[in-house]
Amino acid sequence: MKRACAVFAAVLALLCLAARAEAGVGEVIDALEIEPFAQAARETGVDVHAMILSLAAGEGEWRLDELLARAWDALLDALSQALRVAAGLLAPALLSALARQVAGEARGTRVVSQLAYLICAVQLALWFVRLAAEAEEMIAAVTRLCDGVFPVLASLLSLSGATTSAAMVTPLSALAGNAFSRLLADVGLRLCAVATALAAAGHLSPRLRLGRLFELTRSVVNWTAGVLTTGFLGLSAVRALLGSGYDSAAVRTARYAVDNLLPVVGGEVANTMDALVSSVLLVKNAAGVTGIVVLALLCARPLLTLAAALAALRLVAAMLEPVAEDPLIALADKFSQVAGMLLVLCVCAAVILTLLLGGALTAGQGMVR
């Protein structure tokens with residue numbers, strides 16, 4: 001009963017703004033505090049206010065052919081950059097192989113092989129410093145987007161009467177922001193840095209054995225990302241099951257009370273409630289879709305860059321196998337695994353925020369009869 005009264009009071013507050021609601025969803029959008037959301041999306045070139053308004057008004061156009069063309073061009077650009085870096089690894093490896101073929105297993109050959117390994121290790125380490133910085137920036141951008149979009153969605157859910165869903169969305173978004181900034185950025189990326197050092201130093205000497213430590217680090221990173229994704233998937237499912245049922249029952253109770261307790265105008269007021277709630281939910285869905293679009297634009301280039309690095313290093317390891325020595329092949333293979341670790345962390349951040357945005361999009365759908 002208390003929940004129904006709270007929803008009823010919120011709806012009455014909306015009804016007091018009926019004169020302002022004549023302008024449609026624009027009034028709802030103007031009443032929101034979307035500046036943090038807009039700041040998080042600014043680097044993608046998306047005008048959040050205009051996009052939410054166009055989507056809510058049904059004026060948004062999706063040019064999939066243009067988006068696919070741009071994605072393909074970005075993928076080709078990332079692949080070309082990764083292949084240029086990877087090609088720099090072939091010259092020292094081929095020089096070492098040529099020296100071994102000409103001089104056999106002489107001492108000078110071992111020196112050439114060691115120099116080739118060091119040159120390749122330094123090149124890969126510098127490359128992965130840049131990749132890790134790009135991954136860190138992407139996770140930070142996802143965190144800013146999470147902090148900007150969910151207050152907007154929670155406000156819209158509260159205005160629509162979905163107070164339970166709003167109360168669940170807020171702590172989930174805060175938990176996701178902490179997971180991004182602390183676990184993925186602080187812990188995950190630092191473990192990737194440790195894995196980079198282990199991969200570079202693992203074959204400097206036959207007596208230096210770091211393979212198991214490298215595998216342990218890789219397993220910790222992959223398991224952390226997997227557990228986080230699974231946990232947020234379960235929390236989102238539970239939130240959807242609990243929140244939608246409570247909110248729908250509360251709003252239906254409030255609607256029934258308005259329809260039956262207010263003489264003469266009760267039915268009209270109940271219909272007005274449905275219209276206002278529908279407008280708020282429409283804006284909420286438009287804001288959620290805008291958040292997904294901004295997320296895709298933020299994550300596209302870093303994910304493509306990391307995927308291209310992974311593919312290029314796999315290709316280099318396959319090309320080196322017939323001619324190069326085992327340490328160089330293992331070096332390329334281990335650095336490809338480090339690229340996979342960075343990719344897993346970035347994908348984890350994108351998937352978690354997508355799950356939360358999807359849950360916010362589905363919340364409140366049973367509010368209108």
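**Rings, charges and a buried lysine**

Visitor: How many aromatic pairs does the structure hold?

Guide: The structure holds two aromatic pairs. Rings of Phe, Tyr and Trp (its six-membered ring) pair if their centres lie within 6.5 Å. This is a predicted model, where local features need pLDDT of at least 70 and side-chain atom pairs count only at pLDDT 80 or more, while totals for chains, interfaces and linings use all residues. Residues are numbered from 1 along each chain as its sequence is written, and side-chain values use heavy atoms, with hydrogens and water left out.

Visitor: What makes W127 and F128 an edge-to-face pair?

Guide: Their ring centres are 5.7 Å apart, with 65° between the planes. Planes under 30 degrees apart count as stacked, over 60 as edge-to-face and the rest as tilted, so 65° makes this pair edge-to-face.

Visitor: How do you know whether K284 is buried or exposed?

Guide: Buried means under 20% relative accessible area, exposed over 50%, and partly exposed in between (1.4 Å probe, protein chains only). K284 has a relative accessible area of 0%, so K284 is buried. K284 sits in helix α9 (residues 266-320); helices are DSSP runs (H or I, at least four residues), numbered from the N terminus.

Visitor: What makes R144 and E43 a salt bridge?

Guide: A salt bridge is a side-chain nitrogen of Lys or Arg within 4 Å of a carboxyl oxygen of Asp or Glu. The closest N and O atoms of R144 and E43 are 3.1 Å apart, so they qualify. R144 lies in helix α6 and E43 in the loop between α3 and α4, 101 residues apart. By this rule the count comes to six salt bridges.

Visitor: What makes K334 count as lying over the face of F214?

Guide: The rule asks for NZ of Lys or CZ of Arg within 6 Å of the ring centre and within 35 degrees of the ring normal. K334 lies over the face of F214, at 5.6 Å from the ring centre, so the distance meets the rule.

Technical notes
Helices (H or I, at least four residues) and strands (E, at least two) are DSSP runs, numbered from the N terminus.
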